[in-house]
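Hello,

Here is the structure I promised to pass on. Please open it first, then read my notes below.

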Amino acid sequence: MLLEVRDLHVEFRTRDGVAKAVNGVSYGVGAGETLAVLGESGSGKSVTAQAVMGILDMPPGRITGGQILFQGRDLLTMKEEERRKIRGAGMAMIFQDALSALNPVLSVGDQLGEMFTVHRGMSRKDARKRAVELMDRVRIPGAAQRVRDYPHQFSGGMRQRIMIAMAIALEPALVIADEPTTALDVTVQAQVMDLLAELRREYDMGLVLITHDLGVVADVADRIAVMYAGRIVESAPVHDIYKAPAHPYTRGLLESIPRLDHKGRELYAIQGLPPSLTHVPAGCAFHPRCAMARDVCRTDEPPLYPAGPDRVSACHFWRECLDGLDG
Ligand code: SF4
Ligand code: MG
């Protein structure tokens, strides 16, 4: 395993009390693999990623338990200096909003070039050359000229490509992309997603793809981990999930994907809203929104049941869900 998150706990202090943003999350991704982490906003998917990247080490967020193993070593117990090295060259993150993640007063060539002057000790001239190569690699037309332009002079899709170029510049073993295409229109979304998948293959990177949109990850993910209220509720290979979900929440997410063969049919949406993380419902956190909920769901928190050879589900009735008996 390239990255292994084990039983991670993250808390936030808020005016309403302690929010358990991440409550015992475990997941892993190998070299050349793509793990999609799926969930609504507030499910803990971004916070988990921020903990991995080490950009959460400040109040009010606090890691209260667990391990984050990168290439077998726990990032949470190693020296800050070592961790910084890994953060610089071993892993990289792509954010949703490229415009605020890039420096507005530096040309994209200077920003890309900095990766090589700072981390690789290259001359400015060589770094500029590498910047143009990278822009070419992420298919920005006219890279040799556009290298002098500033972030605001690019379209949203092109800016996201620049962010991807920044992320892969040092050929990290792991890339975490947090909603990388959410701000883009559908056609551009697909292009950016294809590019990510292609680079992942080419560099044999591990990719963690965080999204609220199951439709976006279908073609690129190997595995899907579904999060709800700070926990993983289902984790399985992508084709298993598509064949039959083993958790009612996953089923809801699947049914809310627009499909060409269902044209004209009203889109299904999961009723209600995710709970506040300071007041997570007792029993199964999903029970107020679940059409399958029974008495036991209101009192007993479901563990992660093995629901297949390579699959877990946090539903007491995963078998019925899998068999499609939940209507
Ligand atoms: Fe629904 Fe109960 Fe399963 Fe939770 S445990 S998802 S409430 S059926
Ligand atoms: Mg988020």
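**What I found**

Ser 235 stands opposite Val 312 in strand S12. The model is predicted: local features need pLDDT of at least 70, side-chain atom pairs count only at pLDDT 80 or more, and totals for chains, interfaces and linings use all residues. Residues are numbered from 1 along each chain as its sequence is written, while chains are lettered from A and ligands numbered from 1 in the order in which they are written.

**Around strand S10**

S12 covers residues 311-313 and joins S10 by two bridges, running antiparallel. Two strands count as paired if DSSP finds at least two bridges between them. Helices (H or I, at least four residues) and strands (E, at least two) are DSSP runs, numbered from the N terminus.

S10 spans residues 231-237, and six of its seven residues are buried, so the strand is largely enclosed by the rest of the structure. Buried means that 20 or more other C-beta atoms lie within 10 Å of the residue's own; exposed means 12 or fewer; partly exposed is in between; C-beta atoms are placed from the backbone.

S10 also pairs with S9 (residues 223-228), antiparallel, over six bridges. Tyr 228 has Arg 231 in S10 as its bridge partner.

**The whole chain**

How many helices and strands does the chain have? It has 13 helices and twelve strands. The radius of gyration is 21 Å, close to the 20 Å that the globule rule gives for 327 residues, so the chain is as compact as a globular protein of that length. That radius is taken over C-alpha atoms, and the rule is 2.2 Å times the number of residues to the power 0.38. Of the 327 residues, 40% count as buried.

**The open sheet**

Four strands form an open sheet, in the order S2-S1-S4-S5, with antiparallel pairing. S2 (17-29) and S5 (73-74) stand at the edges with a single partner strand each, so one side of each is left without a neighbour in the sheet. Ten bridges join S1 (residues 3-14) to S2. Within this pair, Val 10 stands opposite Val 22 in S2.

Arg 73 is partly exposed, with 13 other C-beta atoms within 10 Å.

**Strands S6 and S7**

S6 covers residues 91-94. Met 91 and Met 93 point one way, Ala 92 and Ile 94 the other, and all are buried. Four bridges join S6 to S7 (residues 174-178), and the two run parallel. Met 93 has Ile 176 in S7 as its bridge partner.

**Gly 109**

Leaving aside neighbours within four places in sequence, Gly 109 is in contact (C-beta atoms, placed from the backbone, within 7 Å) with Arg 128, Ala 131, Val 147 and Arg 148.

**Ligand 1**

Of the 13 residues around ligand 1, Cys 284, His 287, Cys 290, Cys 297 and Cys 315 come nearest. A residue is near if its C-beta atom, placed from the backbone, lies within 6 Å.

Best wishes

Key: Contact = placed C-beta atoms within 7 Å.
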